[in-house]
Amino acid sequence: MSFFEIKDLVAGTEDKTILDGFNLSINKGEVHAIMGPNGTGKSTLANIICGNPKYKITKGKIIFKDKDISTLSVDERAHLGLFLGFQNPVEIEGISVITFLKYAVNAKRKSEGKDKIAAPDFLKMIKVRAAALGISDEMLKRPLNVGFSGGEKKRIETLQMAVLEPDFCILDEMDSGLDIDALKVVSDGVNVLAKDKSRAFLLITHYDRLLTLIKPDFVHIMNGGKIVKTGDANLAKELEAKGYQGIING
Ligand code: ADP
Ligand code: MG
């Protein structure tokens, strides 16, 4: 039994099938990457795993920690230890970064039957982890993501992940809109979490560049709503040389 498994999934919107016969199996301690052309269903996959109600499953199962999670709510899945880093993180005008993080930490603790975190402990933890990601105190006090650059949003999202310590992290195009320096900082943050072999990662990306910074154990090529080829990190290099059509048709 895998830590995370998708079996024969057929899913999409109300009137369109996007994932069609999708299979994937991930063990603890593994980093998987999914690459694929635009519009092939990568973000849809991430959304469906996390329970976005916009999408419907018509066939198949999503198993996480020996449980079929496909009928659980977004919150229930998050409390089980799922985390999704969005391609485009949301902006929330009325809530500061630090308040949002505190809320997220306490929601998780509540689901685990724990008391709220003591304010000094929370501040100490945030300070250390934010500094590691180059996030200033000023940024922590600003409204969540409002007016943040692409790189700043990804840093905040990585901080959220570092603070929640999820068991399974799905990162959708975390390299989009990042310059090399920001990408390095965010990748370092992911690598720190990936050292703990009790968790697993699914990285969704277009480019091989991210995978030189976070080394995947498996690379999957997705096309037409399913995985069409699986290999090791070298598959990403082959893709860079041949292009999607070269790999998919070859
Ligand atoms: P990728 O992330 O691989 O670029 P997406 O998962 O975003 O692809 O989209 C896959 C296909 O499904 C696209 O054709 C997209 O327009 C369509 N799609 C995704 N989400 C929705 C939605 N909520 N409503 C209608 N079409 C959607
Ligand atoms: Mg996408």
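**Stop 1: a strand with covered faces**

Start by selecting strand S3 and strand S9 (residues 218–223), which run parallel and are joined by four bridges. Strands, by the way, are DSSP runs of E with at least two residues, helices are runs of H or I with at least four, and both are numbered from the N terminus. Two strands count as paired if DSSP finds at least two bridges between them.

Before going on, some ground rules: this is a predicted model, where local features need pLDDT of at least 70 and side-chain atom pairs count only at pLDDT 80 or more, while totals for chains, interfaces and linings use all residues. Residues are numbered from 1 along each chain as its sequence is written, chains are lettered from A and ligands numbered from 1 in the order in which they are written, and side-chain values use heavy atoms, with hydrogens and water left out.

How many of the five residues of S3 (residues 31–35) are buried? Five of the five, so S3 is largely enclosed by the rest of the structure. (Buried means under 20% relative accessible area, exposed over 50%, and partly exposed in between, using a 1.4 Å probe and protein chains only.) Colour Val31, Ala33 and Met35 for one side and His32 and Ile34 for the other: they are all buried, and both faces are covered. In a regular strand the side chains alternate between the two faces of the sheet.

**Stop 2: the open sheet**

Next, select the four strands that form an open sheet, in the order S2-S1-S4-S5, with antiparallel pairing. S2 and S5 are the edge strands, each pairing on one side only. Zoom in on S1 (residues 4–13) and S4 (residues 56–64), which share seven bridges. Phenylalanine 4 stands opposite phenylalanine 64 in S4, and phenylalanine 64 also has a bridge partner in S5, lysine 67. In the hairpin of S4 and S5 two residues sit between the strands, and lysine 65 takes a positive phi near 50°.

**Stop 3: ligand 1**

Now show ligand 1 and the 13 residues around it; Lys16, Gly39, Lys42, Thr44 and Tyr55 come nearest. "Near" here means that a heavy atom of the residue lies within 4 Å. Which element gives the largest share of this shell? That's H1, with three residues. By class, the shell has three nonpolar, seven polar and three charged residues.

Now for some polar contacts (here, pairs of N or O atoms within 3.5 Å). A polar side-chain atom of threonine 44 is 2.6 Å from an oxygen atom of ligand 1, and a polar side-chain atom of tyrosine 55 is 2.8 Å from a nitrogen atom of the ligand. The protein buries 64% of the 560 Å² that ligand 1 exposes when taken alone; the areas come from the Shrake-Rupley method with a 1.4 Å probe.

**Stop 4**

Select helix H6 (residues 150–164). Of its 15 residues, 13 are buried, so H6 is largely enclosed by the rest of the structure. Just after H6, glutamate 165 takes a positive phi of about 45°.

Finish with leucine 183 in helix H7 (residues 180–194). Is leucine 183 buried or exposed? Leucine 183 is buried, with a relative accessible area of 0%.

Terms used:
A polar contact is a pair of N or O atoms within 3.5 Å; within protein, one must be able to donate a hydrogen and the other to accept it, and residues adjacent in sequence count only if both atoms are side-chain atoms. Ala, Val, Leu, Ile, Met, Phe, Trp, Tyr, Cys and Pro count as nonpolar, Asp, Glu, Lys and Arg as charged, and the others, Gly among them, as polar. The expected span of a helix is 1.5 Å times one less than its number of residues.
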